Amino acid sequence: MTIPRYYEDLGTMHVNTLPDRAYYIPAPQDLGPLAGDRERSGRFQLLSGVWRFRYCQSIYDFREKFYEPGFGGEGFSPVKVPGVWQNYGCDTHQYTNIRFPFPFDPPFVPQDNPCGAYLLDFTYRRDAGAPCAFLNFEGVDSCFYVWLNGSFVGYSQVSHATAEFDVTALLREGGNRLAVLVLKWCDGSYLEDQDKFRMSGIFRDVYLLKRPENHVRDYFVQPTLRDGRAEIGVRLEYARGVLPTRLTLLDAAGGLASCAEVIGGEGDGCETVLTVEQPVLWNPEHPYLYTLRIESGGEVITDRVGLREIRVKGCTVEVNGTAIKFRGVNRHDSDPVTGSAVSVEQMKTDLRLMKRHNFNAIRTSHYPNSPVFYQLCDEYGFFVISEADIECHGPAELYDDANDFPARAARWNQPVADNPAFAPAILDRVKKCVIREKNRPCIVIWSMGNESAYGCCFEEALRWTKGYDPSRLTHYESALYHSGARKYDFSNLDLYSRMYPSFAEISEYLANAPDKPFLLCEYCHAMGNGPGDLEDYFQLFHAQKTMCGGFVWEWCDHAVAHGTSRDGKTRYFYGGDHGETVHDGNFCVDGLVNPDRTPHTGLLEYKNVYRPARAGGWADGALTLHNYLDFTDLRDSVTLRWEVRRDGEVIGSGSVECPPVPPHGEAPLRLPLDIPEEGKCTLRLCYIQREADALVPAGHELGFDELPLPNRTPVNCTAARLLAPRGGRPAEVSEDGPYLDIAGEGFHYRFDCRTGLFAQMAFGGQQLLDRPMGLNLWRAPTDNDRVIRAAWERAGYDRAYARAYGISYAAEGSAVEIRCPMSMAADGVQKCLTLDTVWRIFPDGAAEATLYVRRDLEFPELPRFGLRLFLPESFSQAEYCGLGPVESYADKRRAAYYGRFRSTVGDLHEDYIRPQENGSHSGCDWAVLENGGLGLAAASPDGFSFSASPYTQEQLTAARHNYELTPCGSTVFCLDYAQAGIGSNSCGPRLLPTYRLDAERFCFRLRLVPFHKGLLRL
């Protein structure tokens, strides 16, 4: 089969496609806006469904003229459209982030270009009132040729854009055959180098629109707010000259807000104005929508209109005159089963979760979404950065003998961004993004694309965008990357955008008289057990008016589901799991939710960092509430529920009405609290959704504050009992080679003089340790440890072990005291830690450690420091008093609160797709593991972190997938002085100093208390 090589021709992007227009669905009468239910229109014929399909590894292997009448369909099989052929069992999945999956040689692509042929037989019935027919494809990756009833219809590329063809003359009454040939690669693929799985095929809906011969072809709704009223300009464009047209604007209750008539006129277009006195404005907290009805020529177009204004005032972004912060997230179309083919219900699931976790903004990374998605964002209330289908990251990775990134970055723009040959294609993609969704109030920023460097192509695209739609802001982070060959024009950019900047870089920008608001279009890399710096960025955003917020990278883990393992876990595959050579591993598994949308603790962290209000300043029975909402009085949004906890247990609770607190304002709140004189007391104040809206039910918790309550003795009473002095006769000590045997009533311990740690601990006739106790520096690296990991491994932290240099022991009061100087080192390097350790063993078997630690400053900061105990697997029940019930770390603890919690050891494990450090709980006063008869408690006067897991850190380090893990046969009990924070250094800046475990000296105090169940009061 011979086809024109449009797919390797930069000058041919589309053949026979109609000019771009706004998205809408016409109907013969007013059926409403048809957002998500467009099939109700008699003018809409959905062609999605079961098609026939055949795949070939090379276009040269496909010789049949399958589009000709009479072709029998040999070798074709039924498939579902929308879909991607990698999920049909054809080709292979491939994930790559930056690098092109083929040689860089534009406009050429591999000669053996994989392709898929599609056939659909369908019935068409002519409508006398709408005799014209227009064929729409909303998303095809990467390019496609179309035939109808054997005649060539046209060609198009730009994967995530709508292509529309006039097929009126080719359709038959009754049976018709549609044939489509899709190629995996085309010259447009050089502009579609997005960080995602590369999937191919017809992945969005296909449909016919039936239209009158003359009709409203396009319209542009442009509201302007002035002097307390709205003037809504409507620019109309007709197919064959201006038609008599009636425009009606209804308010949300269905009442008439405004109307206008178009009588007729010269040319193909006209403009009219609708005026609304005292308009209700749209914003994400109150997404008020008017309904616009356009009636002409026996056809009705119904759309929704949101009245809002976005502008930059000084260096502040304002919406409707109010300074705002974007609480945003980057979202790809991604599903573990359907891939990039995403249904309306899948979209709603994402938006529901986002709303319930306090997001107000979405960046469509890195391409336009389905038109329905924007309609849902209008309805549910989200700001949107709509991004063109452009990413050309690959030229930054082209071979350079010096392998010097600054030099490569300076040349990044030369092959594409500053190459006039690509200017038509880049402008085409920006136009397709802007023109189709220009009427959507949710869209407040147009993005030229992502990570493609800067040059003449983007200068032209920005000029066109600002000229076409000056009512919105413009953004393009990659404007930073250009050569020094000439002076570049940045005048049409409204925002200064950065990805993952360090706090030092942000401070430098803010200190140098900035002329643009600062937007973090990507920040807080949510990969794996992350992110860990959300609170720090929140504080920065709200301390600086120039900071207009940011968009977390990213919403969901990208992975492909491949059945289940023997223990019932979904087998999620990522880069490299499908045998591909060029890939970027699990860098796609970097979201706030699992592929199936199960929230990670990072999402819970985000929710509470961005809670609608914050409380502080408790004194004399009152505190201060600050409202972080932009448009809503707090009293209208939330009710308040409070709990007083003593030593982690609720001793008082109640509900109270929220006082009036204007947006960005503060107000006092008095609470009738009875605070005990003793015990560690805290107040937990919860913000509860007052009334249900479209996505959030009434009673949903939007976040909480936790405040310490001052009293006379703010000490956890259980911890105090565990740490209290033990009386009685000292245990007996005997030497046995390198061991000390320490025997007391009901216990027998063996202390290893070579390590300075216990080799065995028997209590009540049962061994407490499956293996000798160890000092612990290593943690299974989190994804956000991927940069520092190399330094940790070079330092030997993953294989370091303890040695003692000699011991002394004696009875001190009722305790046996063992003193030993120690160190930690790994083979091949010098010791990294020097310790002076004191153990005290009491008559009841309690063992108390005081470790004075000095770190060699030649070594990098530590992953952690603590003790690791291997308890019998039967110790499967955990109880603790500290931050929970979700995992918590030094910089990732806002989703947790101080309480007393019970759990199984298995449930403490956070099951990340790529195994890594997880499940730690910081801020603990005590923790206990039990096996039903015996228990082992740990307590510290200074607080500590603990984790309990069926897996060792070595297993978690080695495994590539969670379904590869098998329990080690013991319960791994880690008791840490501290762990390093989590941060977001998989892509973001280095961990902040305050969260690094890098002190030269520190002291860790911990007491272990074995007990018979029921004989120790906790």
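**Charged pairs, strands and buried sites**

The side chains of Glu295 and Arg293 come together in a salt bridge, with 3.4 Å from N to O; the term stands for a side-chain nitrogen of Lys or Arg within 4 Å of a carboxyl oxygen of Asp or Glu. Glu295 is partly exposed at a relative accessible area of 29%, where buried means under 20% relative accessible area, exposed over 50%, and partly exposed in between, computed with a 1.4 Å probe on protein chains only. This is a predicted model, in which local features need pLDDT of at least 70 and side-chain atom pairs count only at pLDDT 80 or more, whereas totals for chains, interfaces and linings use all residues. Residues are numbered from 1 along each chain as its sequence is written, and side-chain values use heavy atoms, with hydrogens and water left out.

The structure holds 84 salt bridges. One of them joins Lys184 to Asp91, whose closest N and O atoms are 2.8 Å apart. This pair links distant parts of the chain, 93 residues apart, since Lys184 sits in the loop between strand 13 (174–183) and strand 14 (196–198), and Asp91 in the loop between strand 5 (77–81) and strand 6 (94–96). Strands, like helices, are DSSP runs numbered from the N terminus, a strand being E with at least two residues and a helix H or I with at least four. Lys184 counts as buried at 7% relative accessibility, while Asp91, at 23%, counts as partly exposed.

Another salt bridge is formed by Arg641 and Glu701, with 3.3 Å between the closest N and O atoms. Because Arg641 lies in strand 39 (residues 638–646) and Glu701 in strand 43 (residues 701–708), the pair ties together parts that are 60 residues apart in sequence. Arg641 itself counts as partly exposed, at 33% relative accessibility. Salt bridges also link Glu649, Glu879, Arg900, Arg902, Glu930 and Lys1013 in a network.

The strands come next. Strands of a sheet pair through backbone hydrogen bonds, either parallel or antiparallel. Strand 7 (residues 115–124) has eight of its ten residues buried, so it is largely enclosed by the rest of the structure. Strand 4 (residues 49–56) is joined to strand 7 by five bridges and runs antiparallel to it; two strands are taken to pair if DSSP finds at least two bridges between them. Within this pairing, Ala117 in strand 7 is the bridge partner of Arg54. Strand 7 is also joined to strand 13 by ten bridges, again in the antiparallel sense, and here Arg177 in strand 13 is the bridge partner of Asp121.

Elsewhere, five strands form an open sheet with antiparallel pairing, in the order 44-45-46-47-48. Its edge strands are strand 44 (732–736) and strand 48 (766–767), each of which pairs on one side only. Inside this sheet, six bridges pair strand 45 (residues 739–744) with strand 46 (residues 747–752) in the antiparallel sense, and Phe747 in strand 46 is the bridge partner of Gly744.

What are the buried residues of helix 6 (residues 503–510)? They are Phe503, Ile506, Tyr509 and Leu510. Seen down the axis of helix 6, these buried residues fall within an arc of 120 degrees, so they line one face of the helix; the arc is that of the directions from the helix axis to the C-beta atoms. An α-helix has 3.6 residues a turn, so residues three or four places apart point the same way. On the other side of helix 6, Ala504 and Glu508 are exposed. The buried residues of helix 6 pack against strand 32 (496–499), strand 33 (518–523), helix 7 (534–543) and strand 34 (547–552), where contact means heavy atoms within 4.5 Å.

Two loop residues complete the tour. Cys556 is found in the loop between strand 34 and strand 35 (560–564), and it counts as buried at 0% relative accessibility. Leaving aside neighbours within four places in sequence, Cys556 is in contact with residues including Ser334, Cys588, Asp590 and Arg597. Thr632 has its place in the loop between strand 38 (622–627) and helix 9 (634–637) and is buried, with a relative accessible area of 5%. Not counting residues up to four places away in sequence, Thr632 touches Glu285, His286, Asn627, Ser637, Val661 and Pro663.
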